[in-house]
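Here is a protein to explore, with its sequence and 3D structure side by side. Let's take it piece by piece, starting with a pair of strands.

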Amino acid sequence: MGKLRHSGSVTCPRPHRLAPESTLRPLANSWQTQCVFDAGEMFGIMQVEEVEEESEGEAAREVRRKKPNPGSELCYKVIVTSENGLQAANPNSIFLIDHAWTCRVEHARQQLQQVPGLLHRMANLMGVEFHGELPSAEAVDLVLEEMWRFNQTYQLSHGTAEEKVPVWYIMDEFGSRIQHSDTPSFATAPFFYMPQQVAYTLLWPLRDLDTGEEVTRDFAYGEADPLIRRCRLLPWVPADMLDVSSSTPEPPDQHYQAILEENKEKLPLAISPVAYPRDHVFRVYTDVQQVLSHLTHPRFTFTQSEADADILYNFSHFKDYRRLSQERPNVLLNQFPCENLLTVKDCLASIARRAGGPEGPAWLPRTFNLRTELPQFVSYFQQRERRGQDNHWICKPWNLARSLDTHITRSLHSVIRHRESTPKVVSKYIESPVLFLREDVGKVKFDVRYVVLLRSVKPLTLFVYDVFWLRFSNRPFALDDLDDYEKHFTVMNYDPEVVLKQVHYDEFIPEFEKQYPEFPWKSVQGEIFQAFTELFQAACAKPPPLGLCDYASSRAVYAIDLMLKWDDRPDGRRVMQPQILEVNFNPDCERACRYHPTFFNDVFSTLYLDEPSNCHVSRLV
């Protein structure tokens, strides 16, 4: 590729022009573009040297220090060099910018270490000092920190859950030198060109520009709220947010109404509880293979006709409860209206505040919704930073499982930028987890999964399955190598190349009590069950859409994943505090069915026959 040169500028790859006669013109279900390499006639990159005047006051120096300029040490600007300037209405005034690096966050370190020349190029682009030919750990860490001042993001709208995980990219040296302005002269947007299977960034002017005018863009494009703009610009414009309250009270009622409308869920009419004869054989319609394979109770039979079913046990979420309550009120379900309040992470954090106030309950890590509570999070982060407290955080999508697109960081810039991808929450990372000694590895993180059965909302009737399941990390825990999946995560059963450590609950309990003799599992489990009880009481405390809907034909199975952390009580006692991580709808019950063949018989007997006495369940409420 040719080079763009300008007197007093640096050398860099140049943008391409989109030829006007073919700009985004659909031909045979594809996009046809023609690249014309003449953008060098339009732009130049200028290196600006700012000299600190002796008479310059502290306030002026502070203003200069806070100027948004990625790369910190060297100041670059992109300017219009065309003698005739640029006209916004001219169809020639649209350009393609190459991307220098595209990756998913979890692969960034490995690529910097292994792709020849990548670390050197990124270090130069970001103004990070880099010496020698071999990647040093220090240089890699600096680039991984600085990249959040350069990263842009997009995601594919189709494909598997893994393929739809957001992609982050850094524009080439030209695009990365374009500076921020609250009144930008240009706009940019990612553009995926299907014939080449390659992404570019589109660049176009928002107004006419004369020769010598600067090319700028808005790094917080589309954000009108002044406080949120201030937060979003923090990676480039440092700001003290300590004056902002970090309190996060429960959102207003309108918040939940908006969620209901967004989900297109129609609440049911009130119905009377269904009364079936004691010997009734229920016809079950289901698309859940584990149910089809393992439900063998004689009072349940399968039907392939949804219209003939007494029980609809669906894998996907049901939406039109109103119609069902009008036309088939006797049909029993495996889900509750508004149960997303439990199973979606931002909603879980909101309703939990009913049990613990604005800070949340002790059994839920401190959590912020990055869409609605970004200023509160930034203030809280800066408060902890000032007090010298641990500031490790974990960013999670609202509604994805299996640790997809989940990232651990102590970088405020990283958290702020993650807000630009999929909707996310950020939770305090558990820096002092209770560990389990694996003889083959050492002390590792583990989490525990319980299955709970919700029989009714009013009265609240909740059971827990007597067996629980365990997942373990594969490497000893330490607060380092935050992108080392097998050190910090426990979900290993979806990658065939990763070791999956299996320990059954009846083997785990005596080993746990051997490692922690002062903490009998019965008392630890009592604290866990108390947390479950408080969670469901909070979820059912208000009418829909603020809480779970009391629909007489609804039943549900949820999996609750949790960890234990060390906590110090005011009296000096050290305790194991349960930490609920997430609640899952229609969980994967493969291990439950494999090791406990009566699992679905117990579930269906408890929920649909009201016969829990001979099942492996215990009543919580």
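Strand β17 (residues 282-286) runs alongside strand β19 (residues 311-313), and the two pair in the parallel sense over three bridges. To count as paired, two strands need at least two bridges found by DSSP. Strands themselves are DSSP runs of E with at least two residues, while helices are runs of H or I with at least four, and both are numbered from the N terminus. Within this pair, Val284 stands opposite Ile311 of β19.

Zoom out a bit, and you get an open sheet of four strands in the order β18-β17-β19-β20, with parallel pairing. At the edges sit β18 (300-302) and β20 (332-333), each of which pairs on one side only. Helix α18 (residues 599-608) packs on this sheet and touches β17, β18, β19 and β20. The direction of α18 makes about 130° with that of β19; such angles run from 0 to 180 degrees between N-to-C directions, using axes fitted to C-alpha atoms, for helices over the stretch in contact.

## Where the model comes from

This is a predicted model: local features need pLDDT of at least 70 and side-chain atom pairs pLDDT 80 or more, while totals for chains, interfaces and linings use all residues. Residues are numbered from 1 along each chain as its sequence is written, and side-chain values use heavy atoms, leaving out hydrogens and water.

## The whole protein

In total there are 18 helices and 32 strands.

## Salt bridges

The whole structure has 33 salt bridges, each one a side-chain nitrogen of Lys or Arg within 4 Å of a carboxyl oxygen of Asp or Glu. Lys345 and Glu582 form one of them, at 3.4 Å from N to O. Lys345 lies in helix α11 (residues 345-356) and Glu582 in strand β31 (residues 574-585), so this pair ties together parts that are 237 residues apart in sequence. Both Lys345 and Glu582 are buried.

Compare Arg594 and Glu590, whose side chains meet at 2.7 Å, N to O. They both lie in helix α17 (residues 590-595), four residues apart, or about one turn. Arg594 is partly exposed at 44%, and Glu590 is partly exposed at 34%.

Technical notes:
Contact = heavy atoms within 4.5 Å. Buried < 20%, exposed > 50% of the residue type's maximum accessible area, 1.4 Å probe, protein only.
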